[in-house]
Amino acid sequence: LLGKGKHADAIRYYEKAYESSPESEAIRNSLVYAYSSYAVKMAEAEKYDLGIEYLSKAFDIVRSTYTRQNLALMYAKRAVFSAKRSGWAKSQEDLDMARETADGSVACERSLGIALFNDAVDEFKAARDDAAILLLKEAVLVYADSRIYEFLGDIYYKRTELEKALFYFDKAVKLDPDNKALTERREKANKEEVISV
């Protein structure tokens, strides 16, 4: 049934199997896979609430890096989706849940940080700088990477907020001191700030 895309029917049978043999690792893993597959389909249909519901079930059955990461990423997807419709204030709760879910797993935090960075790039390309900044600041809370700080610096530099640009360029350089292009951009912003003062 799952192979034919009949997720709801497949899940119903896997749940019955799990009820009768909860100790079976194979059944648990199959049910988690079915929940996860269905959640992906729900996300593709922009039904993030259902996606989160099924990924939460998967996480409750098997607490692994895989289930934790999927759930954290789904919260982040719903946050971005909701923000485009009703603003970022409502989405902050989902971003908090994404960070809380990923907390404690380096792999999950890294994946979440990268996903938020990629979403920030999309927001920036759509000329939504404030949304990009928010996503980047969320990203560095879970995954401090020089590219995230560098992008924040670039956005603030573009906005001629040189003090903030330098702050983030400095953080990026500390994490990636051998990046000559980054060092040059920081020095250029520093000279411009001195001139503007």
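**Close-ups: aromatic rings and a helix pair**

Searching the whole structure, a predicted model, turns up eight aromatic pairs. The views below pick out two of those pairs, a ring cluster and a helix contact.

**View 1. Tyr 35 and Tyr 54 make a tilted aromatic pair.**

**View 2. Phe 167 and Tyr 168 pair up edge-to-face.** Here it's 4.9 Å from centre to centre, with 85 degrees between the planes. Phe 167 is partly exposed, at 43% relative accessibility, whereas Tyr 168 is buried, with a relative accessible area of 11%.

**View 3. Phe 167 and Tyr 168 belong to an aromatic cluster.**

**View 4. Helix α5 packs against helix α6.** The α5 helix covers residues 88-102 and α6 covers residues 106-125; their axes lie 8 Å apart, at an angle of about 150 degrees. That makes α5 and α6 roughly antiparallel to each other, and their crossing is right-handed. On the α5 side, the contact uses Leu 95, Ala 98, Arg 99 and Ala 102. From α6 come Cys 108, Glu 109, Leu 112 and Leu 116. Sorted by type, the residues in this contact of α5 with α6 are six nonpolar and two charged, with no polar ones.

Definitions and conventions:
Residues are numbered from 1 along each chain as its sequence is written. This is a predicted model: local features need pLDDT of at least 70, side-chain atom pairs count only at pLDDT 80 or more; totals for chains, interfaces and linings use all residues. Side-chain values use heavy atoms; hydrogens and water are left out. Rings of Phe, Tyr and Trp (its six-membered ring) pair if their centres lie within 6.5 Å; planes under 30 degrees apart count as stacked, over 60 as edge-to-face and the rest as tilted. Buried means under 20% relative accessible area, exposed over 50%, partly exposed in between (1.4 Å probe, protein chains only). Axes are lines fitted to C-alpha atoms, for helices over the stretch in contact, and angles run from 0 to 180 degrees between N-to-C directions. Helices (H or I, at least four residues) and strands (E, at least two) are DSSP runs, numbered from the N terminus. Angles under 35 degrees count as roughly parallel, over 145 as roughly antiparallel, 65 to 115 as roughly perpendicular and the rest as oblique. A crossing is left-handed if the near helix is turned anticlockwise from the far one by less than a right angle, and right-handed if clockwise. Contact means heavy atoms within 4.5 Å. Ala, Val, Leu, Ile, Met, Phe, Trp, Tyr, Cys and Pro count as nonpolar, Asp, Glu, Lys and Arg as charged, and the others, Gly among them, as polar.
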